[in-house]
Amino acid sequence: RRGYFAVFIMGFATLAAQTVLIREFFVTFNGNELTIGIVLGAWILMEAAGSLIGGYVVRKTKNAAASYAFIQFAVFIFFPAVIYLIRAMKALLGFGVGESVGNLFILSSSLAVILPLGIPMGMLFPLACAMARRASGETAESIGAVYFTEALGFMAAGPVITYILITKFNSFSIAFLMSGLMAASLALILARKEAAGGPRVLFGISALLALSAILSATAPSSYLNTASLGLQWRGQKLLHYENSIHGNLAAAGRLGQYTFYSNGMPIISSPDPDIWHTEDLVHFAMASHPDPKTVLLIGGGAGGVVNEVLKYPVEKLIYAELDPQLIRLIESFPTELTKKELSDRRLEIKYIDGALLARKMASFGEKVDVVMLNLPIPSTLQLNRFYTKEFYDALRRILPEDGILVFTLPGSPSAMSPEMTDLNGVILKTLKIAFKTFVVPGYSNVYLASPQKFVEAPPALLLERMGERGVTAKLFNRQYAEDRMGEQWVKWFGDSISRYKGGRINSDLVPVGTYYAVSYLNSMLSPETIKLTRVLAGINLPILLLAILAAGFLAII
């Protein structure tokens, strides 16, 4: 029983290690689900290699418990070391804070960094099987029991890690706590009088290791956490760093300017936001509507967008924010801009997923005049849900005939690459199923859509409406609007986007948008992979799956 408790703890600690490392890699690499897949693949490969080595050790050793204890010591050393290396990696290689990297770099670095931890963790399983076999005298049954007990540890670890450990402790504390639990479970095994070899010395070592690990989860982990964050956020004055169940949040400041990060990416800046993006998103839509009274904002709002919307005489601005800790973090480092925004009585913050909120509003027949999506490109499956046919169908039901939907995608005033064309093309094709559209081209393409035929307001009318509503802007003036909405630019965009020949649309279950978004990012970060992604885009998935099944069937035969 004591042995199976150790195996349970091994499964628990393994999932904790995977979760912590994935979250750390996610922040360092500003990643998506592909990043998670790459890191998990590297982890599984290293654990498989460790199991292979562990099997060799089992054949050679006479005392599996002693080998298990030695590997525990390696885990104790390497777990916090790997966390430190992940955080310091980009600084050591000369990358800046928030700078993205390509998938080839993610693959090579994750393999190298995970190796010293993944191999020892993989070695534990065959050693645990050996201890169970020698205790019971059975081989097949003991292996099955070890595997099942480890899986139970995995299951128990999920909610504990997500809702308790991640939100209450830093990564180094979790690493030391897991090492302590594993060492304590081994000490229970070695404490038995009938344990083979009379390993009293190993018992003392394991007990000491457990105590050291638990003690290290306090002051030493705090020191390591501070030192590693200093490297990860070099050049920034890091004011706050925390994990929520939704992701990692950080705040950095300099000379009164605060920048708030989510999973390593800057999402809000105050009191001086990105004026170009903010004014494009807000004023093209709000001034195009004849009388906007209710607005739904999904995505980053505080720190600029909310302020620009509330310049208009709206009655209600509904702001969907998934993570309440982000708003609390912004309130902890207030500026005149954010205090003004968050205290306005017309602002109604709903802590809910924006896609879910839109569907709920549609089901209850609620209406809004303008929907703003202030979101990054659909480079993750989570983000892709805001660019799909299903989501646009829900938005159509909450927008009246003259309602307006607005969002932005990457653009270019001179030439659009094939990857940029594919990304804009698939989203525009999907959008046109539910809406009539008009695109304001530029470095950032502003997509305007309406359930009825979209009649673009000329620049003179846009500025006239802004004047009547008492709205002023820093950059958005008549000359700027005329230049952005010039007939030659609109025609040029239409000609450019016509090169998109993809026949598919973006949906929840067929996330083509995510593929094109990742391809677009890779074209900038890993140009050497452009040919590969273009080839993959043309592969017929059903035929590929049939080929894999056929190859597997032949291999079995």
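## A closer look at Gly-247

Gly-247 counts as buried because its relative accessibility is 8%, where buried means under 20% relative accessible area, exposed over 50% and partly exposed in between (1.4 Å probe, protein chains only). This is a predicted model, in which local features need pLDDT of at least 70, side-chain atom pairs count only at pLDDT 80 or more, and totals for chains, interfaces and linings use all residues. Residues are numbered from 1 along each chain as its sequence is written, and side-chain values use heavy atoms, with hydrogens and water left out.

You will find Gly-247 in strand S2, which covers residues 247-254. Leaving aside residues up to four places away in sequence, Gly-247 touches Arg-23, Glu-242 and Asn-263; contact here means heavy atoms within 4.5 Å. Val-27 is 220 residues from Gly-247 in sequence, yet their C-alpha atoms are 8.9 Å apart in space.

## The whole chain

Now let us step back to the chain. It holds 22 helices and 11 strands, which are DSSP runs numbered from the N terminus (helices: H or I, at least four residues; strands: E, at least two). The C-alpha trace spans about 90 × 60 × 50 Å along its principal axes.

How many of the 557 residues count as buried? The share is 52%. Among contacts with a separation of 6 or more, 75% come from residues 24 or more positions apart.

## Surface

The chain has an accessible surface of about 25200 Å², and carbon and sulfur atoms make up 64% of that surface. Accessible areas come from the Shrake-Rupley method with a 1.4 Å probe; for residues, only the protein chains shown count as cover.
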